[in-house]
Amino acid sequence: MAAYVGSMRLASLFATPLLLLATTARAQAPQPDGAGLERGVLPATWAESGDACATQPHFRLHEYNADFYILRQSGCTNYEKPFLYLIFGDGQALLLDSGAKNAQVADAVRDALKRWADHHGGRTPKLVVAHSHGHGDHVAGDAQLGALPDVTVVGTAPDAVQQFFGLHNWPDEATTFNLGGRMLDVVPIPGHERASIAVYDRRTGILLTGDTMYPGRLYVADAPAFTKSVRRLVDFTRGKPIAHVLGAHIEEARTPFLDYPVGTKFQPDEHALELSRGHLLELSDALEQMGGTVVRRAMRDFTVWPVSR
Ligand SMILES: [Zn+2]
Ligand SMILES: [Zn+2]
């Protein structure tokens with residue numbers, strides 16, 4: 001009891017200065033600033049069912065925010081179900097990837113551009129179509145898109161990619177691409193495919209990694225190049241705010257270490273799309289452990305999967 005009374009006295013003795021301190025601290029505490037990033041929202045799930053294929057649109061359009069759109073191709077059209085990213089600057093937009101076969105991507109992109117224009121004074125932006133890499137499930141809509149007005153389609157060969165973005169010291173040096181008041185960083189990451197790039201949007205802190213890192217099977221065609229590229233992304237992202245790492249597919253289930261079989265069209269329990277810089281560190285660590293000989297390894301949120309070139 002005596003100790004209790006003692007501590008009470010002690011408490012009242014310090015009450016005033018402590019209260020003052022707390023008030024001052026509150027007044028001086030920085031407000032949440034979200035790292036200065038433009039915020040956005042990802043859907044709780046991208047999963048669709050196959051029941052309504054007849055009426056299912058070829059692409060689902062999701063506005064991450066007013067100037068950053070995501071399109072996901074429907075499994076009804078192609079089991080690859082790739083993600084396409086549409087980023088808007090002043091008067092210009094970048095579409096990263098044009099989808100897999102069997103879809104009306106030009107209609108979907110035209111609708112998306114119109115939707116953006118309706119909210120931004122009615123002027124449709126010029127469009128650049130570039131690619132996370134040159135595989136067929138990311139370039140199949142190029143011809144359709146190239147037929148639209150004010151569209152530039154970047155070639156898919158390494159030379160064309162390097163020339164368009166001004167990547168002079170491939171693959172060691174990154175470069176920037178200005179969409180008009182919006183700076184993107186373009187980082188060479190060959191290894192899954194020879195012309196693979198990552199794109200970092202400084203405004204939202206989103207890093208787009210194509211097929212190099214996503215919740216699914218990470219096919220490694222060139223093990224030394226892939227290992228170096230993932231290390232390059234780890235170095236590139238060090239000290240930068242990375243809100244999400246978004247790849248081009250989902251093949252994992254929400255069950256850890258488990259991917260859906262190749263060719264699965266509908267994945268009701270699929271993993272979230274978004275990964276983080278932590279996943280990059282985990283991948284880089286696994287590759288470095290493998291010491292240049294990449295072997296198949298199921299990990300919690302993706303699977304490393306060597307393939308022959
Ligand atoms: Zn690929
Ligand atoms: Zn792919």
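Colleague: Which residues of helix 5 (residues 158-165) are buried?

Modeller: This is a predicted model, where local features need pLDDT of at least 70 and side-chain atom pairs pLDDT 80 or more, while totals for chains, interfaces and linings use all residues. Residues are numbered from 1 along each chain as written, chains are lettered from A and ligands numbered from 1 in written order, and side-chain values use heavy atoms, without hydrogens or water. Helices (H or I, at least four residues) and strands (E, at least two) are DSSP runs numbered from the N terminus; buried means under 20% relative accessible area, exposed over 50%, and partly exposed in between, with a 1.4 Å probe and protein chains only. In helix 5, the buried residues are Pro158, Val161, Gln162 and Phe165.

Colleague: Why do the buried residues of helix 5 line one face?

Modeller: Look down the helix axis and take the directions from it to the C-beta atoms. The buried residues line one face because they fall within an arc of 95 degrees.

Colleague: Which exposed residues does helix 5 carry on the face turned away from its buried side?

Modeller: The buried residues pack against strand 5 (126-130), strand 7 (175-178), strand 8 (183-188) and strand 9 (197-201), where contact means heavy atoms within 4.5 Å. The face turned away from the buried side carries Asp159 and Gln163.

Colleague: Which donors hold the zinc ion (ligand 1)?

Modeller: Donors are N, O and S atoms within 2.8 Å of the metal (3.2 Å for Na, K and Ca); water is not among the atoms, so sites may look incomplete. Here the protein donors lie 2.1 to 2.3 Å from the ion. They are His133 (NE2), His135 (ND1), His192 (NE2) and Asp211 (OD).

Colleague: What arrangement do the four donor atoms around the zinc ion (ligand 1) make?

Modeller: Four donors count as tetrahedral if all angles lie between 85 and 135 degrees; four count as square planar and six as octahedral if opposite donors are over 155 degrees apart and all others between 65 and 115; anything else is irregular. The angles here run from 90 to 168 degrees, so the arrangement is irregular.

Colleague: Which residue coordinates both zinc ions?

Modeller: The zinc ion (ligand 2) is coordinated by Asp137 (OD), His138 (NE2), Asp211 (OD) and His249 (NE2), at 2.1 to 2.2 Å. The two zinc ions are 3.5 Å apart, and both are coordinated by Asp211.

Colleague: How many residues apart in sequence are the parts that Asp211 and His249 tie together?

Modeller: The site of the zinc ion (ligand 2) is irregular, with angles of 88 to 158 degrees among its four donor atoms. Asp211 lies in the loop between strand 10 and strand 11 (217-220), and His249 in the loop between strand 12 (244-247) and strand 13 (274-275). The pair therefore ties together parts whose separation in residues is 38.

Colleague: Is His249 buried or exposed?

Modeller: Asp211 has a relative accessible area of 5% and is buried. For His249 the value is 1%, so His249 is buried.
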